[in-house]
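Here is a short report for a reader who is meeting this structure for the first time. Please look over the sequence and the model before reading on.

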Amino acid sequence: MNRRTHAALAAALAATLTLGLGACKNDKSDTAGDTTAAGTKGPGAAAGSIVGGSPVKGGTLTVLTNQDFAHLDPARNWVLPHMDFGTRLIYRTLVTFKSEPGSAGSEIVPDLATDLGKSSDGGKTWTFTLRDGLTYEDGSPIKSADVKYNVERSFAPDLTGGPDYAIQYLAGGENYKGPLNGEHLPSIETPDDKTIVFHLKRPVAEFSYTATLPTFSPVPQSQDKGTQYDSRPFSSGPYKIASYDRGKQLVLVRNTNWDQASDTVRKAYPDKIVVTQGLKGGQADDRVIASDGADASTIEMPWMQHESVSKVLPKADVKARMVAEQTGCTDMLYLNTAKAPFDDPKVREAMMYAVDREAQVTAFGGPAMADVATSFLPPSLTAGAKADPLKIPAAGDPEKAKDLLKAAGKTDLKVSLLVSIGDKSRGEALQQSLAKAGVQVTVNTVDASAFSDTVGDTRNAPELTINGWCPDYPSAATFLPFLFDGRTIKEKGNQGNYSQFRDQATMDRMDQIAAMTDLAEANAAWKQLDEDLVKKAPAVPLMWQRRPLLVGTNVAGAFGNSGYAGMIDMAVVGLKDPAKSQD
């Protein structure tokens, strides 16, 4: 999903996943930093460590952010950190990730379900049984039909932006348009209130991981309000929405009908969680760094601006409150192959040479915050190995790019680049590097809350855009197909394949790999396809980044969960002294 992944995967876990490609995240350490496969050290507390000690129940945790939520509707929620926020606080899923630091955060445990699901029919049928005593915020029971209903909602054309796994995996869903007109999907059965059965098009050995997505949370049909459900999802988790003034503030209070005994993951330490939105520039960073008064009880969402890292590193006491977790995500420059000039493979090849990836890392905060990417698959999915099929210098080769553009008859290229407003400095760095190859770039920005919907409108999509992708669970099957399978492209709400890349040979090979049952064979095939795609250049790999996460001095239990791309695990974060927090 967009910049979403598990930052790591233990080797033992990888062996259980068909099509899984894994690497170990560093173990917990007392050293101030962590070491990646590439050898760079992250600033702040060690990766896999917990900042602030153990929380105490009570108080108000404040979340500072510069943006509104893209979507809180579980059928549409597919952007970090909103997935972390939604699935840890407001709604539960059939299966979820452990709330533990380090590589253990990539492991899954039952959530609404009693186990990780039982497969039959060679992995084409999956059955889940709900726990006893599950209730919504009004005390009414959670039923298997509610999970079925939300999965069906993910097919609705009006409910754009959400995960596509149900659409890709479930049998008979090719022409299904959701349940809003009363039609239901026969491949999901609910023989009783506690049992749900999924019939898939093909065997999916890792379907238990798929069931961690917000798509697989319950929505009672009586509460559904179509697109308006985004503003007030009905709670099955430890908190419910008390108020939501979009773009300004969201307030969560305890869901008194949530039963801790039925939930092994969420601890729900704060009494209240207040999300303050619309902060400008580095305001959130400065407030958390200072930690004055109520700001001592704050965290940031999504993460600290990379320009602010230099304010933190010289101060040992502040640095100790920051974790720079590896994400396992790849940031890319997407080239819109659906129209000129990037429908020409030679022009796309020229872009590979024209981009200065070192400048992208610098604009992101320097080598302590990111590594130059040389392929699409991140090292966390290739056992730490870094493929580099083109061997292009990290600073680019503008003269080679000029030669390729001349051969393509494009010596006076003018293109537009759309970036989220927080990536403006990166857009400007890209503008400068492409100018050296004779490419004139106009940089346009859009608010972060509208970015996904804007770039997902394929009819009006920009020629260039910077975005990232992270596997939804540790498998290349959740990475390359979503980026470059032309069959996933949607006119509205397009996710992943922002290049609008349609290549029959690539799609055929993806289908062949999906049918493989031998893990080693599939691993090798995905890695080779990754290298082949780099040569076809539907996008330019830019960097593999870290999440700089900073918390206030009164925050406890904070760590980056590898199951949520290194984001702070909202299930267990809380306060040292609730009395010091202020409403």
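The report below takes up a disulfide, a strand, a helix and a loop residue in turn.

This is a predicted model, in which local features need a pLDDT of at least 70 and side-chain atom pairs count only at pLDDT 80 or more, while totals for chains, interfaces and linings use all residues. Residues are numbered from 1 along each chain as its sequence is written, and side-chain values use heavy atoms, with hydrogens and water left out.

A search of the whole structure finds 1 disulfide, the term standing for a pair of cysteine sulfur atoms within 2.5 Å. Cys329 and Cys470 form this disulfide, with their sulfur atoms 2.0 Å apart. Cys329 lies in the loop between β12 and β13 (330-335) and Cys470 in the loop between β17 (464-469) and α14 (480-484), so the pair ties together parts that are 141 residues apart in sequence. Helices (H or I, at least four residues) and strands (E, at least two) are DSSP runs, numbered from the N terminus. The torsion about the S-S bond of Cys329 and Cys470 is about 110 degrees, so the disulfide is right-handed. Both Cys329 and Cys470 are buried, where buried means under 20% relative accessible area, exposed over 50% and partly exposed in between (1.4 Å probe, protein chains only).

Strand β12 (residues 322-326) has 4 of its 5 residues buried, so it is largely enclosed by the rest of the structure. It is joined by 5 bridges to strand β18 (residues 539-550), and the two run antiparallel; strands pair if DSSP finds at least two bridges between them. Within this pairing, Ala324 has Pro548 of β18 as its bridge partner.

In helix α11 (residues 398-407), the buried residues are Ala401, Leu404 and Leu405. They cover an arc of only 100 degrees around the axis, which puts them on the same side of α11; the arc is that of the directions from the helix axis to the C-beta atoms. Asp403, Lys406 and Ala407, on the other side of α11, are exposed. Just after α11, Gly409 takes a positive phi of about 75 degrees.

Asp115 lies in the loop between β3 (108-110) and β4 (118-120). The table gives two polar pairings of its side chain, a polar contact being a pair of N or O atoms within 3.5 Å; within protein, one must be able to donate a hydrogen and the other to accept it, and residues adjacent in sequence count only if both atoms are side-chain atoms.

| Part of Asp115 | Partner | Distance |
|---|---|---|
| Asp115 side chain | Lys118 side chain | 2.3 Å |
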